[in-house]
Amino acid sequence: MLNKIIIKFEQTIFARSLLFNGTRELFAKCGKRCLICMVAVMLASCASTQGPHMTESPKPRIALVLGGGAARGFAHVGVIRALEQEKIPIDMIVGTSVGSLIGAIYAYDTNSFELEWTAFSLEKDQVFDYGIFSAFTSMGPVKGDKLEEFVKSKVPVNIEDLKLPFAAVATDLNRGTRVVLDHGSVARAVHASSAIPGVFDPVDHQGKLLVDGGVVENLPASVARERGADIVIAVDISEHVINFNITNLIDVMLQAVTIMSSENAKYMRKNADVLISPAVGDVGMLDFSQKKRCMQAGIEATQKAMPDIKKKIEAWEKKQLLQK
């Protein structure tokens, strides 16, 4: 093969040499030497590029866990925005109550700007459909149909079709156990996970009577761990339960669930690698007027936790390299 190339090259050189009144012998000789040099350089170049096969270093599977807390959940939007800005990948979302709502919307589109726009446009009467007779004819004054319709309008797919793996946590009212909803209707799962007992009518879903997941696991970091997460970033918005503005039955129910959720979250925090706690403790559970402030609190709390997040990721990656 090399001889054929040399002969072809010699013929080309000879033809061109006629233009410069040179001799065939001289150019053939020079051409052969030049060709040998070129082939040597090409072989050396190939050898240098065919070094040891480089493989990408393994990346941890990062889960974002979003806890319950009603209107305080607007802080979750700020957390996601900050993580996206810092290019921290989110490989899985697990949410309870409002955490399931925010998490589902993001898992569908994975766009923090769209999420923020949706959050700003959300009003209380879009998710709370109080009925005068509901309190007497059902198990809660709020049916939850509006909430489900709102979620359907934003996330018109099943959980299996979301861009990110997602799970909503609810509570089996009859058995008192945790229920992880990871398939089927997103809207129904969010409705069940957010059905505050005594306020919302319980949700009949997948053969169980379900209420708010915050009753048993308001910060479901353990669910993320069970589902294979290597690093769990959990957002707790349940701290500071003091409330002196309790004037009706709904307020009593909300405060009771808030206290219960905050207490069980204390035990769930240990399952997180990084805990983010936005400063929203003084925001009322139904106060939708503090959206911007809650989002900013989420951004600030995440920025504060960013060094720890990056440290956890680096430590995991180093550990994987040492195990090779």
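Me: Which residue in β2 is the bridge partner of Ala-63?
Reply: In β2, Ala-63 has Met-92 as its bridge partner. The model is predicted: local features need pLDDT of at least 70 and side-chain atom pairs count only at pLDDT 80 or more, while totals for chains, interfaces and linings use all residues. Residues are numbered from 1 along each chain as its sequence is written, and side-chain values use heavy atoms, with hydrogens and water left out.

Me: Why do strands β1 and β2 pair?
Reply: Strands are DSSP runs (E, at least two residues) and helices likewise (H or I, at least four), numbered from the N terminus. Two strands pair if DSSP finds at least two bridges between them. Four bridges join β1 (residues 62-66) to β2, so these strands pair; they run parallel.

Me: Which elements make a right-handed β-α-β unit?
Reply: The unit consists of β1, helix α3 (residues 74-85) and β2. The crossover is called right-handed because, with the strands pointing away from the viewer, the path from the first strand over the helix to the second runs clockwise.

Me: Why is Ile-93 called buried?
Reply: Buried means under 20% relative accessible area, exposed over 50%, and partly exposed in between (1.4 Å probe, protein chains only). Ile-93 is at 0% and therefore counts as buried. Ile-93 lies in strand β2, and its C-alpha atom is 4.9 Å from that of Leu-64, 29 residues apart along the chain.

Me: How many residues of β2 (residues 92-96) are buried?
Reply: Five of its five residues are buried, and the strand is mostly covered. Met-92, Val-94 and Thr-96 point one way, Ile-93 and Gly-95 the other way.

Me: Why does Ile-246 count as partly exposed?
Reply: Ile-246 has 35% relative accessibility, so it counts as partly exposed. Ile-246 is placed in the loop between β7 (231-235) and α10 (249-268).

Me: How many of the residues of helix α8 are buried?
Reply: Seven of the eight residues in α8 (residues 186-193) are buried, and the helix is mostly covered. Among them are Val-186, Val-190 and His-191.

Me: Which residue caps the N-terminal end of α8?
Reply: The cap is Ser-185, with a side-chain oxygen 3.3 Å from the backbone nitrogen of Ala-187.

Notes: Polar contact = N/O pair within 3.5 Å; in protein donor to acceptor, adjacent residues only side chain to side chain.
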